[in-house]
Amino acid sequence: MIMVLDIKESKASFFMELLNNFSFVKARTVTNEKALLLQEIKEAVDTVNLVKQGKLSARPAKELLNEI
């Protein structure tokens, strides 16, 4: 499982040290931009899944392209 956590800068080094003491955890830092990108990708995948389940409607790609 991959998790993204938002930790206060003043506590980040302590938290990373704590995580690195667990052999089953691989911890690394990511930039704010990368964390935002990961969140946006997750939301996009969630939206696609809702469309596939019929819980959300989508419009055809041709319709979208015609607007451009």
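Buried means under 20% relative accessible area, exposed means over 50%, and partly exposed lies in between, with a 1.4 Å probe and protein chains only. The views below show a predicted model, in which local features need pLDDT of at least 70 and side-chain atom pairs count only at pLDDT 80 or more, while totals for chains, interfaces and linings use all residues. Residues are numbered from 1 along each chain as its sequence is written, and side-chain values use heavy atoms, with hydrogens and water left out.

**View 1. The salt bridge between Glu 67 and Arg 59.** The side chains of Glu 67 and Arg 59 meet at 2.9 Å, N to O, in a salt bridge, a term that stands for a side-chain nitrogen of Lys or Arg within 4 Å of a carboxyl oxygen of Asp or Glu. Glu 67 counts as exposed because its relative accessibility is 54%, whereas Arg 59, with a relative accessible area of 42%, is partly exposed. Side chains of opposite charge can pair when their charged atoms come close. By this rule, the count for the model comes to two salt bridges.

**View 2. The salt bridge between Lys 42 and Asp 46.** Here the side chains of Lys 42 and Asp 46 meet at 2.8 Å, N to O, and both residues lie in helix α2, four residues apart, which is about one turn of the helix. Helices (H or I, at least four residues) and strands (E, at least two) are DSSP runs, numbered from the N terminus. Lys 42 is partly exposed, at 46% relative accessibility, and Asp 46 is also partly exposed, at 33%.

**View 3. A nonpolar patch on the surface, formed by Met 1, Met 3, Leu 5 and Ile 7.** Together these four residues have about 500 Å² of accessible area, a value that comes from the Shrake-Rupley method with a 1.4 Å probe, where for residues only the protein chains shown count as cover. A patch is made of residues with over 30% relative accessible area and no salt bridge, like charges being joined within 9 Å and nonpolar side chains (Val, Leu, Ile, Met, Phe, Trp, Tyr) within 5 Å. Met 1 is placed in the segment before α1 (9-20), and at 93% relative accessibility it counts as exposed.

**View 4. The largest pocket, with a volume of about 1100 Å³.** On a 1 Å grid over the protein atoms alone, a pocket is an open set of points where a 1.4 Å probe fits, with protein on both sides within 12 Å along at least five of seven lines, and lining residues have an atom within 4 Å of a point. The lining holds 27 residues, of which Met 3, Val 4, Leu 5, Arg 28 and Val 30 lie nearest the centre of the pocket. Both α1 and α2 (32-52) supply at least two residues each, and α2 gives the most, with six. By type, the lining residues divide into 16 nonpolar, four polar and seven charged.

**View 5. Ala 27 in the loop between α1 and α2.** Ala 27 is partly exposed, at 26% relative accessibility. The C-alpha atoms of Ala 27 and Ile 2 are separated by 9.8 Å, although the two residues are 25 residues apart along the chain.

**View 6. Ser 13 and Leu 18 in helix α1.** Ser 13 is exposed, with a relative accessible area of 56%, while Leu 18 is partly exposed, at 36% relative accessibility. The C-alpha atoms of Leu 18 and Arg 59, 41 residues apart along the chain, are separated by 47 Å.

Methods:
Grid points are joined across faces, edges and corners, and a volume is the space filled by probe spheres set on the points. Ala, Val, Leu, Ile, Met, Phe, Trp, Tyr, Cys and Pro count as nonpolar, Asp, Glu, Lys and Arg as charged, and the others, Gly among them, as polar.
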